[in-house]
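Please look over the sequence and the model below. A short report follows them.

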Amino acid sequence: MKNLIYFLFAFALLSTGCEEIPPDVSPPNGGNNSEEIDVNLEDQPRQVLIEEFTGVRCVNCPEGSEQLETMLNTYGNQLVAVSIHAGFFSPPHNESLYDFRTDDGTAILNYLEQPIGFPTAVVDRKLFQGEASLQIAQSTWNGHVDEQLVEEPKIKIGIDPTFSMTDRNLTVDLTFLPTENLSNEDLRYTVMITENNIVDYQTIPVQGDIPDYNHKHVFRDVITTNFDGDPITEDILDGFSFEKSINYTLPENWDENECTVIAFVHYSSNNNKEVLQAAEVDLVN
Amino acid sequence: MNHFPNIRFQAVLLLFTLTTCSLLHAQQNNNGGGRLTGNLELNANFFQRDTLIGAANTPQYDRQLFGGESWLNMNYNNWGFDIGVRFDFFHNSNIINPQGSFNGQGVGRWYIRKKVDKLGVEIGYIYDQIGSGIIYRAFEERPLAIDNALYGGKLTYDIAPNWQIKGFMGKQKQQFGLYDSVIKGASIDGFIAIDSSGLTLAPGIGAVNRTLDDATMNLLAADIRTYHSINSDFVFEPKYNVHAFSIYNNLTYKGFNWYVEAAYKTPEALENVIDTIPVTFINEAGTAIYTSLSYTQKGLGITAEYKRNENFVFRTRPQEQLNRGLVNFLPPLTRVNTYRMTARYNAATQFMGEQAYQLDITYAPIKKLLINGNYSDITDLDNQRLYKEYLLEITYKYKRKWQLIAGVQRQVYNQELYEVKPGVPNVETVTPYAEFLYKFTRKKSLRLEAQVMTVGTYIDPETQKKTRHDYGNWIFALAEYSIAPHWTLTVSDMYNVVPGKNSPTDSNGKKLAIHYPRFDIFYTNKANRYSLSYVKQVEGVVCTGGICRLEPAFSGVKMTITSSF
């Protein structure tokens, strides 16, 4: 019995006697950082890509999408978001107006591994310390975006789209400005189109399937040749910019005023798919 | 964090140790030396795409076509040492993530154990628990890909006859790596027999502490910081350390057995499940109580159980989901059903809050007849129904010639909550079933099963038509012919006789009545067992020991080999 009392006393001490210094939970960057500011390419800050995987049958995904909006309000231009409809919950409802699934979206999901559950996202295609896979749970999105923003961009990306209403031809001119020397082995760039504010069916908690859900950042297509990016063949030298150009015909049923162009530079080996920098502009300025 | 290099080194070390032991074993066999034992489990799955039943859109069905996993376990005992190593292999395996494909191989476990006088020492990957596991349980559950071994050390000390103190510290296993949080704990367990009255007590107390690593805390703090833009009332300072305490006792007196355990966990960041709170984490303390009272005498067994838990999810880091990173285990309070239909709907433990009762009575009025009645009831803490089951089963044995088991089960299952399907009503089932076993000779026998599951109806808000719950009504039949001791042949079919709301449809939207057949061949030779099965399996929630996960449909061929040596 004496031992029992010692034991209880020791644990009571453990739980009450040792005060912790808590982590800092003050507002990020001292407040709201959502104001979007146009910056010169030279002044471009680190911008992080978050690829959310979702589906119109995924009841928990709207919660993830809501968090994505909160994060965009917080991080502003420094967060580039895309919602890819792929996987188990992505087949459309019978009543759906659109099928958001795409071959490239499905290929990207397979390339970045299937998640254990939804909502899920991949941040900068990086395997973070403590995570079992590239696909990470909603509760960790903020933290890993924070981690990535601490780094300086190794390369900066300028996007200049030109869209012709007559033939719906889109030309995307890209400027890449390295800020350090990099080996171009396994380094690629990917350009994709997303569309905002598409109203269609979505399963949500309590109400079930609703017809008027506003789908945001919907992944439409990769417009580089390969879904996993095109090789960068130029020498990547600090301060020496290089350019690329892509032509694409925008499908009739996409609203060009709601579309954005996203570009990012990333590795593409089996062990390293990390995104170095991402950028996004409206398709029609 | 990846620990492969360490594990490779450990594997070499263990292999060396085991090889040395084996050589010594060979030398010592003549003079009663050590003992080398082991077992192998191998699963191989051949995937056959069947979009109709939903067996599609995973890497295995789409392109890999094959996946499997195996575990080879070896243990050696000598000179008071227990030494073991387990090799795990996963190749295009869907066991860890049913939607994904996992590849990995290496040492899944090693351990060395030794008792020196009153001191017990164990290092390596350790499975253990405190009390019934409410505050700590490190265990392996292969069908659900749970392996929560603690990689670290454990000491025990016999402080008095029938009294032992235990302490442990380490990190939890994460497939072939480790989580970065540190887990430590201690317990005192005793046994008291009060004179010759027949009264015995087995009291114990335990405590567990988990300290988050900096990376996990940074993630947590980054998330909480964003709550300022939603409502700063939700902002809280998360704790690195969480402590869980429990006190428990098992009392026996004549035919009575009474177990009780109460536990408390200090406030920590928990993943929020309340829809009206728009943030990811809340800061709450947890409580749990579990008690079981049973009475047995010749021909009669009665067990009553009660459990209540609130905010009692305990993970190695709060960001983990589903069955990952669990530090503790809350005992399930539902009957463990084994028939295909009666086990279709299972109640997964709700860590954030549930209240459950169970009463089980077994009565044998005569030697040939056994009657089992079971009632279980689970609600949330607002008294909303989660699960309810009534079951009555009768077993009649006629000499050694034949045996009949017949029963009926009634269930109410909150599908909206357990399977996160919004707007669906509770699934209400009535399932009569029977099993008949007939022995032609001492070696040859035939076992037949018949089960019928009928479910309730409701007006589907989409179609405004009367619809059956979930998949609707099922019939199941099985015939199994055994030729002892080697062969067992089984054929069964599960038929969705009256399709329901969630049954597959054809291209015109018409519900389809689909067969899910299964053929099995089992061959047993001494300690080796082989099976080859053709399986069509409907999606469902699979539970083992109160922990569940949603399993997608399966179509293909399964092969298993188990061996002990």
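## Basis

This is a predicted model, in which local features need pLDDT of at least 70, side-chain atom pairs count only at pLDDT 80 or more, and totals for chains, interfaces and linings use all residues. Residues are numbered from 1 along each chain as its sequence is written, while chains are lettered from A and ligands numbered from 1 in the order in which they are written.

## Helices across two chains

Helices are DSSP runs of H or I, at least four residues; strands are runs of E, at least two; both are numbered from the N terminus.

From chain A, N142(A), G143(A), H144(A) and D146(A) take part in the contact. They meet N218(B), L219(B), L220(B), A222(B) and D223(B). Contact means C-beta atoms, placed from the backbone, within 7 Å.

## Helix 3 of chain B

Nine of the twelve residues of helix 3 of chain B are buried. Buried means 20 or more other C-beta atoms within 10 Å; exposed means 12 or fewer; partly exposed lies in between. Among the buried residues are T216(B), M217(B), I224(B) and R225(B). The buried set packs against helix 4 of chain A, and also against strand 17 (256–271) and strand 18 (281–297) of chain B.

## A strand residue

N77(B) sits in strand 2 (residues 66–78) of chain B. N77(B) counts as partly exposed because it has 17 C-beta neighbours inside 10 Å. Beyond its neighbours within four places in sequence, N77(B) contacts G34(B), R35(B) and D82(B).

## Nonpolar cores

The largest nonpolar core has 60 residues, and I50(A) and A263(A) touch the most other members. Such a core is a set of buried Ala, Val, Leu, Ile, Met, Phe, Trp, Tyr and Cys residues joined through C-beta atoms within 7 Å. Strand 13 of chain A (residues 259–267) gives the most, with six residues.

A second, separate core of 50 residues includes I134(B), Y136(B), Y179(B) and L330(B).

How values were computed
Two residues are in contact if their C-beta atoms, placed from the backbone, lie within 7 Å.
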